[in-house]
Amino acid sequence: MIADLHEFVKEAEAESNDTLLTLSFEARQHAFLIQIYTGRFLLEQKQEYGAKISKEFELFQNYLDRMEAHLHTERERELHVELSTLRKTYHDIYWELRHDQEEIARLMDEAMPRFSAIIIKNTEQPEHEAAEREYEVRVRALKAIALVEAELLIIGGIGTVIGFIIAFSIARGISQPVSATTSVMDALTHGNFSVEVPAQDRGDEISEMARAVQIYQR
Amino acid sequence: MIAVFIVVLVLSFWNFMTIAHEVEDMESAAIELSLAADIEIKFLKMISAAREFVQKEDTKSETETRNYSEQLLGAIAAAKKGITIESHQTLILEAEEAFKSYFADFEIVTKLKHEHAAYIT
């Protein structure tokens with residue numbers, strides 16, 4: 001459009017058609033603005049450019065219509081037809097892009113967030129429930145561990161007492177007959193042969209020792 | 001005393017078994033939590049890349065979105081296999097359907113964006 005309008009300006013200048021020259025300048029300015037606003041609309045995706053573009057298209061068409069009455073040469077008529085076609089094509093593409101832009105905005109701002117919400121909700125629910133379950137199980141497990149600790153303490157305590165009792169009984173079982181035999185031996189050395197030698201029937205080393213002591217009694 | 005000792009010993013063994021069971025339960029809850037969280041994290045990464053693509057219209061973010069979507073499908077498949085609770089399975093299946101719809105819309109957006117880029121250039 002702008003290249004055609006450059007040519008229009010040159011044609012108008014060549015034949016000193018001042019009105020056509022002014023109208024071509026104005027139309028070219030609006031064609032520039034259409035290009036700039038359309039580019040910004042597509043790049044920045046700001047809807048505010050929509051109204052500006054529509055206004056510029058309207059003004060551009062207005063100048064094209066006014067130019068029609070001042071066309072003198074065949075080339076100018078050709079260019080005017082070409083410009084009208086280009087303007088229509090540009091306008092159609094712009095509306096198609098705008099429609100697509102609206103569709104993208106609808107998808108990005110309405111449809112896709114709806115699906116996002118479902119996905120996030122449906123994953124957060126099992127996450128929360130699993131986290132709660134994990135916490136409850138952890139509390140239960142900690143209680144069971146504390147109980148086992150107490151039980152182990154009790155087992156340890158009772159085990160120690162039982163061990164002590166067994167050790168004491170064994171020690172006592174050995175030391176008592178040895179001590180009694182020592183007393184007998186002491187009595188024998190003092191000439192008392194009437195004492196009874198204990199622990200002769202135990203069936204162990206102490207009973208052997210007791211039987212050996214009994215020999216002295218005889 | 002020995003009787004008390006044996007009773008406490010049996011109780012203690014039973015409690016050890018309970019702890020083992022609780023730990024197994026805790027493990028399954030942790031696995032479920034990680035599977036669901038993996039889907040959410042990958043989806044959030046994917047939508048972030050998708051939004052970046054809509055803003056920048058660059059190949060990098062489009063490729064990233066597609067990569068994350070593949071990873072997300074893997075995470076969904078793992079969750080379908082690893083999550084045992086039926087109600088949670090249903091939620092994951094719904095999330096899978098929602099993801100398919102989301103990605104179908106993303107494909108439309110991508111096509112429109114490529115058309116725009118062709119018009120501009």
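Tutor: Two residues are in contact if their C-beta atoms, placed from the backbone, lie within 7 Å. By that criterion, the contact between the chains takes 45 residues from chain B and 41 residues from chain A. This is a predicted model, in which local features need pLDDT of at least 70 and side-chain atom pairs count only at pLDDT 80 or more, while totals for chains, interfaces and linings use all residues. Residues are numbered from 1 along each chain as its sequence is written, and chains are lettered from A and ligands numbered from 1 in the order in which they are written.

Student: Which elements give two or more residues to the side of chain B that touches chain A?

Tutor: They are α1 (2-56) and α3 (86-120) of chain B; helices are DSSP runs of H or I with at least four residues, and strands are runs of E with at least two, numbered from the N terminus. The largest share, 26 residues, comes from α1(B).

Student: What classes of residue make up that side of chain B?

Tutor: There are 32 nonpolar, six polar and seven charged residues. Ala, Val, Leu, Ile, Met, Phe, Trp, Tyr, Cys and Pro count as nonpolar, Asp, Glu, Lys and Arg as charged, and the others, Gly among them, as polar.

Student: What secondary structure does chain A have?

Tutor: Chain A has five helices and zero strands, and its pattern along the sequence reads α-α-α-α-α.

Student: Why are α1(A) and α4(A) called roughly antiparallel?

Tutor: The axes of α1 (residues 2-14) and α4 of chain A cross at roughly 155° and come within 10 Å. Axes are lines fitted to C-alpha atoms, for helices over the stretch in contact, and angles run from 0 to 180 degrees between N-to-C directions. Angles under 35 degrees count as roughly parallel, over 145 as roughly antiparallel, 65 to 115 as roughly perpendicular and the rest as oblique. The two helices, α1(A) and α4(A), are therefore roughly antiparallel.

Student: Which residues make this contact?

Tutor: From α1(A) come A:D4, A:E7, A:F8 and A:E11, and from α4(A) come A:R75, A:E76, A:L79, A:E82, A:L83 and A:L86. By class, the contact of α1(A) with α4(A) has four nonpolar, no polar and six charged residues.

Student: What does B:F99 touch, not counting residues up to four places away in sequence?

Tutor: B:F99 touches A:I119, B:F43, B:L72 and B:I76.
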